[in-house]
Amino acid sequence: MLLGLDPISSTLLSFIFGSLAGVLTYALHIKMKIAPILAGILTMTILYSVNLRVNGKANIPLYNYSSIFDYGNIILILIVIVLLIKFLMDMFLKTERGYLLIATGDNETLVKSLGVNCNTYKLLGLMLSNGIVAVSGALMGQLQGFADINMGASIIVSALASIIIGDTFLKNSKKLNGTTRAILGAISYKIIGGLALEIGLAPTDLKAISAIIVILFIGYNNLSILEFIKKGGKKMLQIKNLSKSFNIGTENETTIFENFNFTVKDSEFVAVLGSNGCGKSTLFNLISGSLENDGGSILLDGIDISNL
């Protein structure tokens, strides 16, 4: 904007520069083998000096420059931008690269077993996340009318709180995906902060309130996980007394399964190993419905899917 670019181009350009910050973090962590947290801190430290060098001072007024919010109602513009980013992210995460990006975060070992280079998706994740963070910073600067070197301080706490709140309360909802839960978590976090001020707490207490919110929700989430583990976890897949034979009634009759029982709990990673002909493919074909079983039942989330 200081160079005369229009607000939309400036905001898009912030995404590109933010993505470059992700490349720097990737290089420090992956290429130079620096611990991930330290790599992030080093990147932030470097960018602090870069911002001062580029801007020339710690605080720059933007009131005399056009803003993306000049095009209409502030709330409507924010809603449009958030929904646009959410739509693009959802579309990307449904692609093969998107699934591999999610899998790299959830189970890096599994991705490596597929012969995929996890570092590629770490780089992609860092570029996307840093780019979106840069866009949010650009929008914040345009909204408040100035850019300050310290305006991103403690923002990580707010981001974590938003994600944790959304994940804690809405993680069992099958109708809401991760991006929707994150948005609702961010709104809930701001509402909680507003309520804290409404009941009489001082604005100077906001940082402490943010930290307490994070502590409470992480504690609640951890206790819920512990209770979940104690109860044995949710049984995602259950196979009860499964039986399957081939060439029944002939001299070549072969029994693969007889009263076979098997359980996979939610979030549990299970590998099926065995020699050729032991029934691995048959098991997966029975679960998927490609083969009919001779007896027993197969339940997915408590629903019998046998012979569908």
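This is a predicted model: local features need pLDDT of at least 70, side-chain atom pairs count only at pLDDT 80 or more; totals for chains, interfaces and linings use all residues.
Visitor: How are H3 and H6 oriented to each other, parallel or antiparallel?

Guide: Axes are lines fitted to C-alpha atoms, for helices over the stretch in contact, and angles run from 0 to 180 degrees between N-to-C directions. The H3 and H6 axes come within 13 Å and cross at roughly 175 degrees. Angles under 35 degrees count as roughly parallel, over 145 as roughly antiparallel, 65 to 115 as roughly perpendicular and the rest as oblique. H3 and H6 are therefore roughly antiparallel.

Visitor: Which residues of H6 make the contact with H3?

Guide: Contact means heavy atoms within 4.5 Å. On the H3 side, the contact is made by Ile74, Ile81, Ile85, Met89 and Phe92. The residues of this contact divide into 10 nonpolar, no polar and no charged. From H6 come Leu124, Leu128, Ile132, Leu139 and Leu143.

Visitor: How many Å apart are the end C-alpha atoms of H3?

Guide: Helices are DSSP runs of H or I with at least four residues, strands are runs of E with at least two, and both are numbered from the N terminus. Helix H3 has 20 residues (74-93), so at 1.5 Å a residue it should span 28 Å; the expected span is 1.5 Å times one less than the number of residues. The end C-alpha atoms agree with that, lying apart by 28 Å.

Visitor: Is Ser297 buried or exposed?

Guide: Ser297 sits in strand E5 (residues 295-300). Leaving aside neighbours within four places in sequence, Ser297 is in contact with Gln238, Ile239, Lys240, Asp304 and Ser306. Because its relative accessibility is 17%, Ser297 counts as buried.

Visitor: And Lys207, buried or exposed?

Guide: Lys207 belongs to helix H9 (residues 206-230). Leaving aside neighbours within four places in sequence, Lys207 is in contact with Ala153 and Ser154. With 56% relative accessibility, Lys207 counts as exposed.

Terms used. Residues are numbered from 1 along each chain as its sequence is written. Side-chain values use heavy atoms; hydrogens and water are left out. Buried means under 20% relative accessible area, exposed over 50%, partly exposed in between (1.4 Å probe, protein chains only). Ala, Val, Leu, Ile, Met, Phe, Trp, Tyr, Cys and Pro count as nonpolar, Asp, Glu, Lys and Arg as charged, and the others, Gly among them, as polar.
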